[in-house]
Amino acid sequence: IFALIKLDDIPLRVNLKCNPVLALELRAEYPEVVPGYHMNKKHWNTVFLESLPEALIKEMVQHSYDQVLAKVPKKEREALGV
């Protein structure tokens with residue numbers, strides 16, 4: 001799992017996995033990025049989507065995906081074609 005979202009929440013937010021150092025940097029720079037709600041706060045951020053630039057959101061989603069994919073064994077990644 002690299003992203004968790006409840007589509008009927010207002011404001012819209014998503015939990016994304018993140019490198020712990022980067023997580024702290026993002027939280028310090030953007031008030032819309034907070035420790036992961038009901039998640040391991042070291043590795044997860046809750047990101048409020050309404051006012052962040054789309055490019056930044058895409059970067060954070062890709063980073064989350066990459067963090068999870070890096071933990072998948074090589075043989076399974078090859079079977080998935082990634």
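Is Asp9 buried or exposed? Asp9 is buried, with a relative accessible area of 18% (buried means under 20%, exposed over 50%, partly exposed in between, with a 1.4 Å probe and protein chains only).

The model is predicted: local features need pLDDT of at least 70, side-chain atom pairs count only at pLDDT 80 or more, and totals for chains, interfaces and linings use all residues. Residues are numbered from 1 along each chain as its sequence is written, and side-chain values use heavy atoms, with hydrogens and water left out.

**View 1. Four strands form an open sheet.** The strand order is S1-S2-S4-S3, and the pairing is antiparallel. S1 and strand S3 (33–35) are the edge strands, as each pairs on one side only. Neighbouring strands are turned by 25° against each other on average, direction ignored (axes are lines fitted to C-alpha atoms, for helices over the stretch in contact, and angles run from 0 to 180 degrees between N-to-C directions). Strands (E, at least two residues) and helices (H or I, at least four) are DSSP runs, numbered from the N terminus. Two strands pair if DSSP finds at least two bridges between them. Strands of a sheet pair through backbone hydrogen bonds, either parallel or antiparallel.

**View 2. Strand S2 is joined to S1 and to S4.** Three bridges link S1 (residues 3–5) with S2 (residues 13–17), and these strands run antiparallel. Leu4 has Asn15 in S2 as its bridge partner. Ala3 stands opposite Leu16 in S2. Five bridges link S2 with S4 (residues 44–48), again antiparallel. Here Arg13 has Phe48 in S4 as its bridge partner.

**View 3. Salt bridges link Lys6, Asp9 and Arg13 in a network.** A salt bridge is a side-chain nitrogen of Lys or Arg within 4 Å of a carboxyl oxygen of Asp or Glu. Asp9 is buried, whereas Arg13 is partly exposed, with a relative accessible area of 25%.

**View 4. Glu54 and Lys58 meet in a salt bridge.** Their side chains come to 3.0 Å, N to O. Why are Glu54 and Lys58 separated by about one helical turn? They are so separated because they are four residues apart in helix H2 (residues 54–69). The whole structure holds three salt bridges. Side chains of opposite charge can pair when their charged atoms come close.
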